[in-house]
Amino acid sequence: MVSLMQGPPSSPGPGLPINQDVLLMQKGMLVRKVRSKSWKKLRYFRLQDDGMTVWHARQAGGKAKPSFSISDVETVREGHESELLRSLAEEFPLEQGFTIVFHGRRSNLDLVANSVEEAQIWMQGLQHLVDFVTSMDQKERLDQWLSDWFQRGDKNQDGRMSFPEVQRLLHLMNVEMDQEYALQLFQAADTSQSGTLEGEEFVEFYKALTKRPEVEEVFENFSADGQKLTLLEFVDFLREEQKEGERASDLALELIDRYEPSDSGKVRHVLSLDGFLSYLCSKDGDVFNPACLPIYQDMTQPLNHYYINSSHNTYLVGDQLCGQSSVEGYIRALKRGCRCVEVDIWDGPSGEPIVYHGHTLTSRIPFKDVVATVAQYAFQTSDYPVILSLENHCTWEQQQVMALHLTEILGEQLLSTTLDGLLPTQLPSPEELRRKILVKGKKLQTLEEDLEEEEEEEVLESQLEGEQEARPELEAQFESEPQELSPRSKDKKKDKKSKPIMCPSLSALVVYLKAVSFHSFTHSREHYRFYETSSFSETKAKSLIKEAGNAFVQHNAWQLSRVYPSGLRTDSSNYNPQELWNAGCQMVAMNVQTAGLEMDICDGLFRQNGGCGYVLKPDFLRDIQSSFHPERPISPFKAQTLLIQVISGQQLPKEDMTKERSIVDPLVRVEIFGVRPDTTRQETSYVENNGFNPYWGQTLCFRVLVPELALLRFVVNDYNWKTRHDFIGQYTLPWTCMQQGYRHIHLLSKDGTSLHPASIFVHICIREGLEGDES
């Protein structure tokens, strides 16, 4: 394999690995784009010369438009993994089909090639490029980003840029610049004096454009000669500004080795300005503490001591009334770290249970397909247990089918009895339940009775060995039992509203998560066991927090609670989970298909601890004698003051890239979510006409009573007095995972995908206690 520079020979960009598949993709191919059983159209797809974008047209030589960028692609799946392509298997051979899966919530792209060979070319070629992009380091990503801009700005595609093209590019890049100053930078970069910028000249122009005077100022404050930071100077910076404490000396050596570009600098243990900037833009210089990225919490506590990443009506990828039900909902939820997924099961045709939102027009999917999908994707993102929250509306017969699918498809993954066969005294831990799938649902009897029955059955089985003839009789007797519990006439039509009888084989699969109705906290304490769990609508849960917040906290210290969105949210909108987390509710179920503030908060909390879907609750929410009241936190001893200096922004994108002439007027809003007194927001003023390198230099001050529950959301908006601002990007993280000092905040889109290289540069300082405003 050779590594070739893509695009015009003199355009900047990283070396892309070229193989036969990639070359054939660049020639283009006619494939069938499939949107539904009735929408299947031929389209001409071609990988552009830059090797990074795919365009499509109605036919070869037709008017082409961008389809997707390689950096948008998460993975490529084979045809048989697509629900849609499977439903068309009689029309198109599955081996010729493939699916492109994108990051975020963008719909999958199902394609069918003309032959198995052509499908393989696209599948292998795309995966090859995706793997390459994923493995890019910081510098390579920036080179690629520059290459993309060069392609965009070089309107006539001659591999060089004239000054008018550069002016147009500046507008595209969100830069409002004095024409004289722009020309000055252009001429300084045009070392060949050709009147155009090529390759390396464009890189120099970009460097001049992105000079960071605010970073130079910080550098010079610690550098004696203004040229470099000696090891001792860098240690001082790490200790004084970055609050790295004891580890500053060892860390300084590590960081110089990692980020200093010159070998001589590494040998002499000094850091140049370029190395200093590289460090500040890296993961080590990120606002999110790298120590919180892997699994760093104690995973051996009972299940009810954790917040659990939970999904509501997981099968829906749209709204609650007419939306599409799809196994894709489960794939996406599990891959983003959800550990509790919901399954609404109803009687289906041919004796096969189906999953959909009952009494609505949402489409239906077979229950066995959902179970197979969970089996395949449950532990791809996290090894910790997955909870199947069953909403069972099936008759006895189809419940038996459900139990059969669960046991046969999930096999060893399914937890069907207590871990050691003994009666537990508390819920097991995520660590003990690694790679296990638990069923949450109604149960005929207690766990104690189950275990007694198991013992009796073992004795009975040993007695019945060799007496196979007696089996059918016993089974017939066993099957007739529920009829005695609730006699029904065969002639009468079943009353739709009558509660179906619970089938013992399904009931037996519910072990640690028996669903029970909630009456009151006193009733739960007196009548329920630790393995019984109640569900609350958001409205009920919020009113309980107001009426009896401390009782709710104590309840959640020994039992699991699940909260679900109000039935009025037919558009699949979300509530703010923070209010429920404040009371220690573990499974706060979200419509994960709907992007927005509420999902940003949810993603923010679960970004830590390896994204494993379990986050340990603060100690005062794990104590059954806790005096904590989420609505009235009294005399806190850990209150803190936060000072955030919002310094500058870098390469902020436009919300609408089609508006070539418009430039954003960015402002930064910092929002804090936590207990009610801590929930607040402040914002900077806006910078007019500069999304490329805006400077604010403004300090915001926050006083927080319960930092252990607080999350911070940094939002960049385009000032617009008519629409109360347009969203540009955001980043949300737990207070406890925030690093102090000079930090970059790398922005995410509304969908939660990276907006690289868009960022904001801040200085963060946390002080103990509640101080006066020192801004």
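In this predicted model, Gln651 is found in the loop between β23 (640-650) and β24 (666-673). The backbone of Gln651 has a phi near 45 degrees, a positive value in a residue other than glycine. Gln651 has a relative accessible area of 13% and therefore counts as buried, given that the cut-off for this class is under 20%.

A positive phi is also found at Lys243, which is not a glycine either, with a value of about 55 degrees. Lys243 lies in the loop between α9 (231-240) and α10 (248-259). With a relative accessibility of 44%, Lys243 counts as partly exposed, because that class covers the range between the 20% limit for buried residues and the 50% limit for exposed ones.

The two residues are set out below.

| Residue | Phi | Relative accessibility |
|---|---|---|
| Lys243 | about 55 degrees | 44%, partly exposed |
| Gln651 | near 45 degrees | 13%, buried |

Another backbone feature concerns a proline: the peptide bond from His756 to Pro757 is cis, with omega near 5 degrees, and Pro757 has its place in strand β30, which spans residues 754-768.

Methods
Residues numbered from 1 in each chain as written. Predicted model: local features only at pLDDT ≥ 70, side-chain atom pairs only at ≥ 80, totals over all residues. Heavy atoms only, no water. Helix = DSSP H or I, 4+ residues; strand = E, 2+ residues; numbered from the N terminus. Buried < 20%, exposed > 50% of the residue type's maximum accessible area, 1.4 Å probe, protein only.
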